[in-house]
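Colleague: Could you walk me through how to read a model like this one? I would like to begin with a single helix.

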Amino acid sequence: MPELPEVETIAAILRQGGPDSPALIGKEILGCAVLWERTLAAPTPAEFTHRIIGQQIVAIGRRGKYLLAALSRDHLIFHLRMSGDLALERDDAPLSPHHRLTLHLEGGWRLAFQDPRKFGRAWLVSDPQEVLAGLGPEPLDEQLTSQELFERLRRQSRRLKSLLLDQTFLAGIGNIYADEILHAAGLHPLTPSNRLTSLDAERLWRSMRQVLNEAIVRNGSSIDWVYRGGDFQNYFRVYRRTGLPCFTCGAPVQRILVGQRGTHFCPVCQPVPASPMT
DNA sequence: CACGAGACCTGTTCGC
DNA sequence: TGCGAACAGGTCTCGT
């Protein structure tokens, strides 16, 4: 579940509180349990526990697909990868087999990191840049103009789909939104990035903003067994719609592999470019 | 430089 | 019905 819109949704729930949980801000961390050691990217479980106890949660934020919690002295950072989830729960609720890290807070609450596939990671660092330094710009940053996107696209010769997934190029886009953005822009996923015209780049820029903003308004996408209350999955135009008619032209949606990732597109609305990168 | 393959993991769905 | 294969929202490392 966790691309930019989903992480943004989780951050908002933790920051403001949800239907059955209060806001996290201001709560003190009284204890913690590391239930799957590899979840902790840094530091070691012993140092993590020692260092985090007694700190207060000061702010919640997001950068790319990372969820950021500013503490009184350090920064706690999560990457949810494929199946991670963060929620505030009653501390006396039973643990599921998928709980990987729990932080026990004042007031009988716990911040729980659940992650069936165990790919997710957490860091406790004094400077967030230790984790975030390599990330590209935020796709929704007002500073990122279509002209600048055009110039960045021109600098390398990559398949568009792969470039959108590259977190050093743009931070936060994943497999769902890459496909949806390319469809909205009418661009084939195998188009070489340096062959786009400035008009193509402008359409890509607009589509990226439109798709991500709409997904955020809809609280992200909920598919498979993970459900967060988002409903953008009901508005997918190509993602996981292989063989179904394109909503724009009726042609069946195609699925190919690009860089080992399932890639969905409409062969009519997103015609193969003159020189696709096969 | 850009790409493919494999690794890390578990759970669900698909196809025979 | 059962069972193995394929697939899944991500990223890293290695070899070509």
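Modeller: Let's take helix H6 (residues 175–185). Helices (H or I, at least four residues) and strands (E, at least two) are DSSP runs, numbered from the N terminus. A residue is buried if 20 or more other C-beta atoms, placed from the backbone, lie within 10 Å of its own, exposed if 12 or fewer, and partly exposed in between. In H6, 10 of the 11 residues are buried, so this helix is largely enclosed by the rest of the structure. Among them are Ile176, Tyr177 and Leu182.

This is a predicted model: local features need pLDDT of at least 70, side-chain atom pairs count only at pLDDT 80 or more, and totals for chains, interfaces and linings use all residues. Residues are numbered from 1 along each chain as its sequence is written, while chains are lettered from A and ligands numbered from 1 in the order in which they are written.

Colleague: What do the buried residues of H6 pack against?

Modeller: Contact means that the C-beta atoms of two residues, placed from the backbone, lie within 7 Å. The buried residues of H6 pack against helix H5 (160–165), helix H7 (198–217) and strand S11 (261–265). Just after H6, glycine 186 has a positive phi of about 70°.

Colleague: Now the sheet. How do I read its strand order?

Modeller: Strands of a sheet pair through backbone hydrogen bonds, either parallel or antiparallel. Here, two strands pair if DSSP finds at least two bridges between them. The open sheet has 5 strands in the order S2-S9-S5-S4-S3, with mixed pairing. At its edges are S2 (40–42) and S3 (57–63), each pairing on one side only. S2 pairs with S9 (residues 121–125) in the parallel sense over 2 bridges, and alanine 42 has tryptophan 123 of S9 as its bridge partner.

Colleague: Which helix packs on this sheet?

Modeller: That is helix H1 (residues 4–16), which touches S3 and strand S4 (66–71). Its direction makes about 165° with that of S3; axes are lines fitted to C-alpha atoms, for helices over the stretch in contact, and angles run from 0 to 180 degrees between N-to-C directions.

Colleague: Is leucine 67 buried or exposed?

Modeller: Leucine 67 belongs to strand S4. It is buried, because 25 other C-beta atoms lie within 10 Å. Not counting residues up to four places away in sequence, leucine 67 touches Val7, Ile10, Ala11, Arg62, Phe78 and Leu86.
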